Amino acid sequence: MYDIIGARRLHELSTTEQFAEALGLSREAVADVWGRARFAMERRELAARRAEPGLASAAWPEIPLPDGWLEDLLASQEEAAEQFPYDLLGVRKPPLSHIHIEQDLQPLSKNAARHTPRTKGPVPNLAVALSSHDHLFVTGGPGAGKTTLGRHLVRQIARYWLRVEGAEDPWCREAVVPLRVTATDLQTRRPFHQQLSDAAGRTGTLRSAVPADRFAVRPHGVRWLVIVDGLDEVASPDDRKLILNNLAREIRPHGAFRLLITSRPLPQDELTPLRDQPSLGFYTLTGFDSVQQLAFAERWFAAQGVDDPAPEARAFLEEVGHAGLGEVLRVPLLTTIAAAHRSRNPRAPLPRGRVALYEQFLADVATARESADAVDKAFRSRWERRGQGRLAQWLLDHRDRLVTHLARIRTTSASAPLLDAAVRWLATTLPADLAWPDGAGEELGQFLMQSGALVHDHGELFFLHLSFAEFLAARDEAARIPADFPDLDDWAVEIRSPSSRNRVLFTFAVWARRPGNDVTLVVRHLLAGDLDHRIMALRLITSGVRLGEALEEAVIERVVDLGHDSDHLDRYHGRGRQVLRELSQLRGNRRLAATLRRIAETDGLDASLRIGAAAAYAEVASLSEGVALLQDFGRRLPVEGSLECCRELEALAPAETEFRARLLSDVLAAPTASSWSRLTAAEELAALGRTDGLAEFACSVLAGSEENGGTLKRAGQFWFELEGPSAAPRVRAAVAGRTRTRDWAKAALAHVLFLFGLVEEALPLLAHTIENSADDESIDDVVHGWLDQEGEKAADGLVELLRGYEVWNSDGRPSIAMDLAGAGYRRQAAEVVRLSLHDPAPDTRHNLGLEAMALIRALGPESADEVLGWLDRNRATTGSYAIALRDLTETGAKAGTCCRWHGACSVIRAVHTASSPRPPVSYYGSSLRTRAPRCSPPCVTARTAARPCGRRCCHCLLSTVRRRPYVRWARSFWRTPVWSTANCKPWSQPG
């Protein structure tokens with residue numbers, strides 16, 4: 001009875017009604033109260049369940065045997081992951097696991113254009129990265145091994161679940177279920193778990209389909225590890241934005257998914273949805289070092305049946321260097337291509353340069369199978385029996401042309417189905433008296449696979465690698481360019497885009513090799529440009545294009561002279577390292593070797609330039625002499641120079657660890673060294689296994705006078721990586737013993753305290769950070785730190801904390817609301833937004849759009865009336881209206897909701913005078929800022945308003961533009977896809 005009175009226990013409704021009857025109450029009134037009580041109690045129970053630590057990491061020793069459906073899925077994933085991705089090499093096709101070599105990872109800043117990434121740190125490989133972050137974004141250049149990385153991880157984890165004999169311990173310490181998908185699998189607007197189900201079904205080896213709802217929850221209580229491969233292969237920026245927004249929504253505490261996303265480097269602006277995710281780490285693959293190169297070569301030749309693979313591997317690597325294929329030594333795909341060529345032609349020399357290697361490889365794979373001619377004859381005979389011999393012969397004669405057409409499509413659109421594109425090409429290109437029969441797509445795919453560049457798998461066509469499509473498309477493009485290269489300026493502009501740089505290199509190189517073309521025209525144009533253009537000129541040399549001695553020397557001299565002209569290394573945030581890496585591929589160039597040695601030995605030059613020159617000299621001329629130069633620099637240069645020498649020595653002589661350990665220990669003990677530099681030394685010592693005294697050093701940083709927030713955070717994270725939560729009491733004492741802590745340091749110390757689970761000690765620092773309107777990144781750090789520790793309790797606490805918030809610098813509440821909504825605490829996010837909106841003196845000019853966005857993210861379509869009402873009352877800008885309308889329609893707001901808001905057409909009419917400039921976009925690794933192809937508010941409104949609002953909005957749109965048909969945005973407005981919709985066709989045709 002006391003439990004009932006205290007609302008701690010709820011009986012069945014029938015029992016409660018009997019109590020009510022005895023007390024003289026009506027059954028209807030009691031039923032209503034009982035229903036609301038049950039709802040509230042179950043809501044508290046669900047909240048408590050979500051906060052249970054049981055939903056956190058699961059341990060591998062505790063995982064059960066997989067259910068039948070999961071066993072089938074894991075076996076399918078494991079089989080697909082083991083397949084070697086190149087099908088027609090004419091060599092023994094090794095299982096991927098037999099030749100896989102684990103690469104190092106380099107941590108990247110979330111804004112890599114402004115911050116030089118650390119070359120080495122506490123994250124030397126994928127295993128440690130997975131322990132440091134819930135979610136990873138891993139970049140790499142063409143052929144860097146991104147796909148192989150994901151496949152190997154899937155295979156490793158699947159084998160452990162399936163209890164395969166000899167299965168290795170997974171790199172991921174948390175027990176997870178792996179699922180590999182491609183980014184193109186996620187281009188639809190279907191719910192995420194349905195997209196995963198569709199992708200799993202496309203593996204083709206499942207015995208039965210897995211219901212979509214299986215992917216919405218944790219199987220056996222563990223999270224899914226979803227590996228999203230090839231984001232850069234989605235050609236459309238809008239499609240990539242859709243995918244990234246969908247993935248960002250799945251990054252949340254207590255969610256069912258961990259994510260590992262792989263891609264070539266993308267423009268910074270596209271990564272905005274991921275940049276505010278504290279649980280996401282950015283990394284890049286470093287490529288093969290000398291030890292990994294040798295290990296790969298030995299495994300490759302062992303897989304080809306060589307009796308003694310070690311001498312064969314050493315001879316192969318030596319020949320690669322002499323052939324001018326220095327880039328092969330770092331890029332896994334090119335190493336594989338060269339090794340396959342050597343296996344097929346053991347007595348033939350390797351082609352000179354990257355372009356020649358691609359040409360030779362594509363020629364080899366087209367005829368690699370001994371039965372290639374027989375396959376073509378069988379194809380012709382089969383179609384002759386059908387009475388279509390002329391069609392078969394025409395296809396054989398034009399197969400290369402069709403493959404080139406598909407390559408051009410592939411480089412412009414990753415999502416376009418290539419087999420469908422091939423059928424369409426035949427429909428428009430075949431002679432009038434020939435026709436490709438309906439329903440023969442499968443046979444066309446098998447036929448095209450014989451080209452060697454394509455793979456036909458379960459009804460779809462794929463290129464072996466994107467770089468093959470880029471090379472074929474570039475070869476076709478180069479053949480169309482006349483000898484005077486009239487569009488050279490336009491091609492040079494494309495060099496600035498990382499996604500097109502590889503294709504431009506191929507195009508220039510192939511054009512230069514064609515008879516009658518003068519490469520001097522291209523090279524002199526490049527040398528007159530900025531650093532990106534001069535590096536492209538250098539890459540032409542390292543790719544095997546012969547420029548002639550005088551022109552080669554001019555390129556080298558122009559690039560080497562970075563320390564003396566306007567393109568000083570420091571202005572390019574480490575781009576000088578890329579220049580020197582390219583130069584290091586010119587092995588045996590005596591004149592370059594002398595120049596590099598002179599730079600290395602010249603006092604007064606930039607230390608980084610001298611160190612890079614010494615490292616390049618080691619590869620161009622003499623490894624032993626270059627290493628000796630670096631060791632001498634390490635002893636004599638200041639701290640930063642010593643650290644840089646250590647990194648170069650690790651790449652050139654990885655086995656010689658004693659000298660590096662002594663040098664790093666000296667840096668750690670140097671009293672004049674900054675805390676940041678000493679932390680770098682400590683992290684690299686830890687990577688060498690020398691951990692004595694490092695925890696005490698991290699403690700001294702936290703307890704000392706250091707006020708730099710980034711340094712304090714880094715010290716705390718390093719300590720956590722060394723000792724984990726067991727160090728919490730000493731962390732508490734270190735922070736409490738500080739004599740002075742300024743505002744900027746308090747946010748970092750709160751982050752560290754939360755990391756170690758010291759919530760009570762962190763909360764005063766969190767409150768100070770928020771109340772003093774620190775920068776957004778600091779506020780995000782402390783907010784996420786609290787949410788990660790206490791979940792919904794923390795979300796409720798943030799709401800209470802912000803009730804007394806006073807704006808004095810900038811209003812941090814909208815940003816906090818976005819954090820709450822993104823973490824899944826939608827009710828609390830809405831409350832925080834309303835606190836900001838109800839402020840008697842809101843910062844409407846800066847925050848109203850963000851407040852509207854946060855409210856829409858928190859409440860979804862139901863927020864329409866509230867959001868649009870706030871915009872009306874605060875006289876929002878036209879851009880805020882347009883963006884709010886777009887966000888509402890993307891959440892699924894119904895047409896009636898938007899049309900009921902009287903502002904739907906008023907927005908359209910209001911924006912007829914608007915014109916917004918396109919913001920500049922920076923790209924990773926580039927100081928260049930270009931203009932983004934972004935629609936103005938009228939175009940945004942046209943696209944979004946007409947979808948849900950029907951003909952009424954189309955009428956408003958047309959009326960608006962008719963009044964001012966010559967405004968700057970009118971032409972792009974008319975090109976918006978809205979006019980092809982059924983709603984707008986009747987209105988657009990008269991226009």
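Let's start inside the protein: Cys646 is buried, with a relative accessible area of 1%. Here buried means under 20% relative accessible area, exposed over 50% and partly exposed in between, with a 1.4 Å probe and protein chains only. This is a predicted model, in which local features need pLDDT of at least 70 and side-chain atom pairs count only at pLDDT 80 or more, while totals for chains, interfaces and linings use all residues. Residues are numbered from 1 along each chain as its sequence is written, and side-chain values use heavy atoms, leaving out hydrogens and water.

The closest cysteine sulfur to that of Cys646 belongs to Cys645, 7.2 Å away and too far for a bond. A disulfide is a pair of cysteine sulfur atoms within 2.5 Å, and the structure holds zero of them. Cys172 is buried as well, at 1% relative accessibility.

Some totals for the protein:

| Feature | Value |
|---|---|
| Buried residues | 52% of the 991 residues |
| Contacts (separation of 6 or more) between residues 24 or more positions apart | 69% |
| Accessible surface | about 44600 Å² |
| Carbon and sulfur part of that surface | 50% |

Contact means heavy atoms within 4.5 Å, and accessible areas come from the Shrake-Rupley method with a 1.4 Å probe, where only the protein chains shown count as cover for residues.

The protein has 47 helices and ten strands; these are DSSP runs numbered from the N terminus, helices being H or I with at least four residues and strands E with at least two. Helix 28 (residues 623–636) buries several residues, including Val627, Leu630 and Phe633. Their cover includes helix 27 (607–620) and helix 29 (639–652).
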